[in-house]
Amino acid sequence: RVAYVNGQYVPHGHATVHIEDRGYQFADGVYEVWSVFDGGMADFDGHMTRLHRSLTELRIDIPMSREALTQVLKETIRRNRVKNGIVYLQVTRGTARRDHPFPPPGTPPSVVVTSRSISPLKTDAIAEKGVAVVTTPDIRWGRCDIKTVGLLPNILAKQIAKDRGAYEAWMVDDMGLVTEGSSTNAWIIDEHGKLRTRDTQANILKGCTRTTLLDILKEEGIELEERAFTVEEAKRAKEAFFTAAGAFVMPAVSIDGVKIGNGKPGPVATRLRELYIERGHRDAI
Ligand code: PLP
């Protein structure tokens, strides 16, 4: 395997950044993950646009042109011979003597790209059974719309899920409303049959998979209510699922041990997963 590190392709095992990289010391950086379908990236523009936004919001310099970055992403996928999997991009504010304020102007951002295969058979097998979700308080900051590498609360949430034998953790705000998953957006079909997901003005990440699903819903004539739901509503839901690059549309069959529907992936989640994957194959570049 190879990784791209600041202008060079290097063996993955020897790919390093400096100990005073601000990503390492301060989590002062952002990232994106694209799903790879047949060697191409899904939701390409969405992730690129969000990357640009994250960098701008944090006042990190744009490290290279969009065209050059696209080339690096494609080349990293190619060199790793990834047909299906993910490509990961991280940009930090660069390397400088440890000091909280931004480093001197002109300090180049660090750019790292890696890519790895994920067997579609494996993820499909997981999706066919559906997964368990647990809930945990959302202890994050007020800018969850920015995709930063500062993921400690997300990691702690995911580990709670793992410790309890679940696959994902849904985080819950002070009002008892689900914000999102540790690395996914959360959806339910509520007891009245309404498809619901939290609106993206409410301090969550605007998922690219979520955005594409909005398109698919329009095409399919499925109504969506962008309104947060409580844990109790989720437990009473007919269906539950979550979305992210890599997971696509993943059915949840229990929440905190409470069975959702008949305890099997619901028809809507299953259908939306198929449609999303179909579109991924079609649109990936
Ligand atoms: N919410 C959080 C907190 C995430 O970390 C992610 C993805 O990493 C998502 C949602 C889903 O976003 P996307 O569909 O763009 O992968």
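Predicted model: local features only at pLDDT ≥ 70, side-chain atom pairs only at ≥ 80, totals over all residues.
Which residues of H8 are buried? In helix H8, they are Val-268, Ala-269, Leu-272, Arg-273, Tyr-276 and Gly-280, where a residue is called buried if 20 or more other C-beta atoms lie within 10 Å of its own, exposed if 12 or fewer, and partly exposed in between, with C-beta atoms placed from the backbone. Residues are numbered from 1 along each chain as its sequence is written. Helices (H or I, at least four residues) and strands (E, at least two) are DSSP runs, numbered from the N terminus.

To see the whole before its parts, begin with the domains, whose bounds come from an automatic or database domain assignment. That assignment divides the protein chain into domain 1, residues 2–118, and domain 2, residues 123–283, and the C-alpha centres of the two lie 26 Å apart. Where domain 1 and domain 2 meet, 22 residues of domain 1 are in contact with 16 residues of domain 2, contact meaning that the C-beta atoms of two residues, placed from the backbone, lie within 7 Å. On the domain 1 side of this meeting place, the elements that give two or more residues are strand E3 (29–37), helix H2 (44–57) and strand E5 (85–92), and the largest share, eight residues, comes from E3. By type, the residues on that side of domain 1 divide into 10 nonpolar, seven polar and five charged; here Ala, Val, Leu, Ile, Met, Phe, Trp, Tyr, Cys and Pro count as nonpolar, Asp, Glu, Lys and Arg as charged, and the others, Gly among them, as polar.

Leu-69, Leu-73, Thr-76 and Ile-77 of H3 are buried. Seen down the axis of H3, these buried residues fall within an arc of 100 degrees, so they line one face of the helix; the arc is that of the directions from the helix axis to the C-beta atoms. On the other side of H3, Glu-67, Ala-68, Gln-71 and Arg-78 are exposed. The cover over the buried residues of H3 includes strand E1 (2–5), E3, strand E4 (40–41), E5 and strand E6 (110–117). Thr-70 also has its place in H3, and it counts as partly exposed because it has 15 C-beta neighbours inside 10 Å.

Seen down the axis of H8, its buried residues fall within an arc of 135 degrees, so they line one face of the helix. On the other side of H8, Glu-278, His-281 and Arg-282 are exposed, whereas the buried residues of H8 pack against E3, helix H4 (120–129), strand E10 (185–189), H6, E13 and strand E14 (248–255).

The ligand has 14 residues around it, of which Gly-207, Cys-208, Thr-209, Ala-244 and Ala-245 come nearest; a residue is near a molecule if its C-beta atom, placed from the backbone, lies within 6 Å of it. Helix H6 (208–220) and strand E13 (239–244) are the elements that give two or more residues to this shell, with the largest share, three residues, coming from H6. The shell divides into five nonpolar, seven polar and two charged residues.

Some details of the backbone remain. Most residues other than glycine have a negative phi. Asp-38, however, has a positive phi of about 50 degrees although it is not a glycine. Asp-38 lies in the loop between E3 and E4 and is exposed, with 10 other C-beta atoms within 10 Å. Not counting residues up to four places away in sequence, Asp-38 touches Lys-83, His-281 and Ala-284. Asn-6, found in the loop between E1 and strand E2 (8–11), has a positive phi as well, near 45 degrees.
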